[in-house]
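Hello,

Here is the structure we spoke about handing over. My notes on it follow below.

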Amino acid sequence: MAEIEAAGRELLLFRHGHAEARAAGLADFDRALDARGRADAERMAEWAAGAGLLPGLLVSSPARRARETAEIFARAAGPGVGAIAWEARIYEAGAGALLAVLAGLPAGPGRAMLVGHNPGFEDLAGYLSGGPAPRLATAAIARLRLPADWRRLEPGAGALLGVVRPPKR
């Protein structure tokens, strides 16, 4: 645990906002955010900016609902968030595939955010924290403290610092 605290590395897992219902002929990948999802993504960006938790690196699934969530977050959070990297492996990924995405992240940023989907995000948070998987409702952000090396993320290597959900309207 001393390595985790000394490293100061954090991972934010941001589950995409609430999406429109599946429509006939519309692929799951192409589902857009609904009004609630857009508002929640903006609220979570404002929360992160206010809490001083802006990511130095933002990596998102290219699925439409995740892409829209990441774009709203980056715009609403302000200039502290840089360009968004699109990573196809996040869509429909389990914990193993998400660990591979993390292993490929650059060493520089102290805080990174992935924007994507369940059940992979819940499974990854449980794996990294060594505890039960937290429930990540739409637009929830799980915050984890991790070791310095993205490539050395074993079961229980991190600590779940909390889960923040959008405030109810």
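Is Asp40 buried or exposed? Asp40 is buried, with a relative accessible area of 6%; buried means under 20% relative accessible area, exposed over 50% and partly exposed in between, using a 1.4 Å probe and protein chains only.

First, the basis. This is a predicted model, in which local features need pLDDT of at least 70 and side-chain atom pairs count only at pLDDT 80 or more, while totals for chains, interfaces and linings use all residues. Residues are numbered from 1 along each chain as its sequence is written, and side-chain values use heavy atoms, with hydrogens and water left out.

Asp40 lies in helix H2 (residues 35-50); helices (H or I, at least four residues) and strands (E, at least two) are DSSP runs numbered from the N terminus. Its side chain makes a polar contact with the side chain of Arg43 at 2.9 Å (a pair of N or O atoms within 3.5 Å; within protein, one must be able to donate a hydrogen and the other to accept it, and residues adjacent in sequence count only if both atoms are side-chain atoms).

Helix H5 (120-129) is largely enclosed by the rest of the structure, because 8 of its 10 residues are buried. Among them are Phe121, Leu124 and Leu128. The buried residues of H5 pack against S1, H4, S4, S5 and strand S6 (159-164). After H5 comes Gly130, with a positive phi near 75°.

Leaving aside neighbours within four places in sequence, Leu128 has contacts (heavy atoms within 4.5 Å) that include Leu11, Leu102 and Gly156.

Regards
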